[in-house]
Amino acid sequence: WVKNADQRPLDFFQSEFNDKSWSDMPVPGLWEVNGYGDPLYTNISYPWSRQSPVQPPVVPIENNHVGSYRKMIEIPSSWSGKSVIAHFGSVTSNMYLWVNGHYVGYSEDSKIEAEFDISKYVKPGKNLIAFQVFRWCDGTFLADQDFWRLSGVGRDCYLFDQNKNSIQDIRITPDLDPNYQNGKLTVEIT
């Protein structure tokens, strides 16, 4: 965890990066309730409006805390040939994800889940999952509501496997003609 965004480690996702001096952080876990930074409450102003000008979409570097996370995980050999999905229940305000030193993706919708297909980045055995979370991002401009600003990982994170051919979403729409005599069922599957 660093106080200002320009202090974050830029190569922390590399396997040879030395994280021996780092502290452990629970996941899920919000920084401010685990000893990092202070909870911030705002109602009608942006969280940094007292420290720097508000200029959308630019967020300040100062006091824009960044948490860098690294974890070695074990992928069972039974997952070979399947899709491996990394699920993040809620990360505030945004996150960048790397697996085994490879950039995987980005998410900034802080109150909903994000999922990444990491199949092409993992192998059976030990794998490094690394991600960085910023306190504020350009999406913070859209979340100016009456609530406590708490950053970090707010909900469960986990990996799961699924068959390459699987159903991710299904929409079933029943419909009747104007006389209510004949029906039609539309099924859309992803």
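The model is predicted.

**Entry: sheet**

I began with the strands. I found an open sheet of three strands, in the order β8-β4-β12. The pairing is antiparallel. I noted β8 (114-117) and β12 (157-162) as the edge strands, since each pairs on one side only. From one strand to the next, the twist averages 25°.

I then looked at β4, residues 83-88, against β12. How many bridges join β4 to β12? I counted six, with the two strands running antiparallel. For one facing position I took A86, which stands opposite L159 in β12.

**Entry: cavity**

The structure holds one cavity of 30 Å³ or more. The volume of the largest cavity is about 40 Å³. I listed its lining, which has 11 residues. Which of them are closest to the centre? They are V91, M95, S107, D109 and A114. By class, I noted five nonpolar, four polar and two charged residues in this lining.

**Entry: pocket**

I moved on to open space. The largest pocket has about 800 Å³ of space. Its lining has 28 residues, and M25, V27, Y69, R70 and K71 lie nearest the centre.

Which strands supply at least two residues each to this lining? I found β3 (66-75), β4, β9 (125-134) and β12. Of these, β3 gives the most, with eight residues. I sorted the lining of the largest pocket by class and got 20 nonpolar, four polar and four charged residues.

**Entry: aromatic rings**

I searched the whole structure for aromatic pairs and found 16. One of them is F12 with F13, an edge-to-face pair. Its centres are 5.9 Å apart and its planes stand at 85°.

Is W98 buried or exposed? It is buried, because its relative accessible area is 11% and the cut-off for buried is under 20%. Y103 has a relative accessible area of 42%, so I logged Y103 as partly exposed.

Last, I grouped the rings. F12, F13, Y96, W98, Y103, Y106 and F134 form one aromatic cluster.

Methods. Residues numbered from 1 in each chain as written. Predicted model: local features only at pLDDT ≥ 70, side-chain atom pairs only at ≥ 80, totals over all residues. Heavy atoms only, no water. Pairing = 2+ DSSP bridges. Helix = DSSP H or I, 4+ residues; strand = E, 2+ residues; numbered from the N terminus. Axes fitted to C-alpha atoms, helices over the stretch in contact; angles between N-to-C directions. 1 Å grid on protein atoms, 1.4 Å probe; cavity = no way out; pocket = protein on both sides within 12 Å on 5 of 7 lines; lining within 4 Å. Points joined across faces, edges and corners; volume = space filled by probe spheres on them. Nonpolar A, V, L, I, M, F, W, Y, C, P; charged D, E, K, R; others polar. Phe/Tyr/Trp six-rings, centres within 6.5 Å; stacked < 30°, edge-to-face > 60°. Buried < 20%, exposed > 50% of the residue type's maximum accessible area, 1.4 Å probe, protein only.
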